[in-house]
Amino acid sequence: MQGDEARVLLGFPPNSRPNASQVKAAYKRKVWECHPDLFPVGRKTDAESKFKLISEAYTYLLSDRASFDSFEEYIQGSSVFVGACDK
């Protein structure tokens, strides 16, 4: 899962940088919208797959990988590091 995809699944704009409390609040909202126990039997499998995606997005955004991706995006957009090692 990529960072933009995870952010969109939880309701954030693709290039946003939500903090941990915002991610947790968004996760709680989304979980209530698609919790499998709240759906009839015929729609339960769709709800389960959506629930798993939202859980994966939540885990991703709170992981170290998300922090690394944000830092990597920052470095790529920064001119401070351009040519720093060139001689």
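A nonpolar core is a set of buried Ala, Val, Leu, Ile, Met, Phe, Trp, Tyr and Cys residues joined through side-chain atoms within 4.5 Å, where buried means under 20% relative accessible area, exposed means over 50%, and partly exposed covers what lies in between (1.4 Å probe, protein chains only). In the predicted model discussed here, the largest such core has 13 residues, and Leu 10, Ile 54 and Leu 61 touch the most other members. Because the model is predicted, local features need pLDDT of at least 70 and side-chain atom pairs count only at pLDDT 80 or more, while totals for chains, interfaces and linings use all residues. Residues are numbered from 1 along each chain as its sequence is written, and side-chain values use heavy atoms, with hydrogens and water left out.

**Overall architecture**

- The protein chain contains four helices and zero strands, and its elements run α-α-α-α from the N terminus on; helices (H or I, at least four residues) and strands (E, at least two) are DSSP runs, numbered from the N terminus.
- Of the 87 residues in the protein chain, 29% are buried.
- Among the contacts (heavy atoms within 4.5 Å) in the protein chain with a separation of 6 or more, 47% are between residues 24 or more positions apart.

**The largest nonpolar core**

- The core of 13 residues in which Leu 10, Ile 54 and Leu 61 touch the most other members draws at least two residues from each of α1 (3-9), α2 (20-34) and α3 (44-61).
- Helix α2 gives this core its largest share, namely five residues.
- Once neighbours within four places in sequence are set aside, Leu 10 is in contact with Val 23, Ala 26, Tyr 27, Lys 30, Ile 54, Ala 57, Tyr 58 and Leu 61.

- Gly 3 lies in helix α1 and counts as buried, with a relative accessibility of 8%.
- In sequence, Gly 3 and Tyr 60 are 57 residues apart, yet their C-alpha atoms are 7.6 Å apart in space.
- With neighbours within four places in sequence left aside, Gly 3 is in contact with Tyr 60 and Leu 61.

**Salt bridges**

- Side chains of opposite charge can pair when their charged atoms come close.
- The structure holds three salt bridges, each defined as a side-chain nitrogen of Lys or Arg within 4 Å of a carboxyl oxygen of Asp or Glu.
- Asp 4 pairs with Arg 7, with the closest N and O atoms 3.0 Å apart, and both residues lie in helix α1, three residues apart, which is about one turn of the helix.
- Within this pair, Asp 4 is partly exposed at a relative accessible area of 34%, whereas Arg 7 counts as buried at 4% relative accessibility.
- Lys 30 forms a salt bridge with Glu 33, the closest N and O atoms being 3.8 Å apart; both lie in helix α2, again three residues apart, about one turn of the helix.
- Lys 30, which is also among the residues in contact with Leu 10, counts as partly exposed at 22% relative accessibility.
- Asp 37 and Lys 44 meet through their side chains in a salt bridge of 3.9 Å, N to O; Asp 37 is exposed, with a relative accessible area of 61%, whereas Lys 44 counts as partly exposed at 24%.
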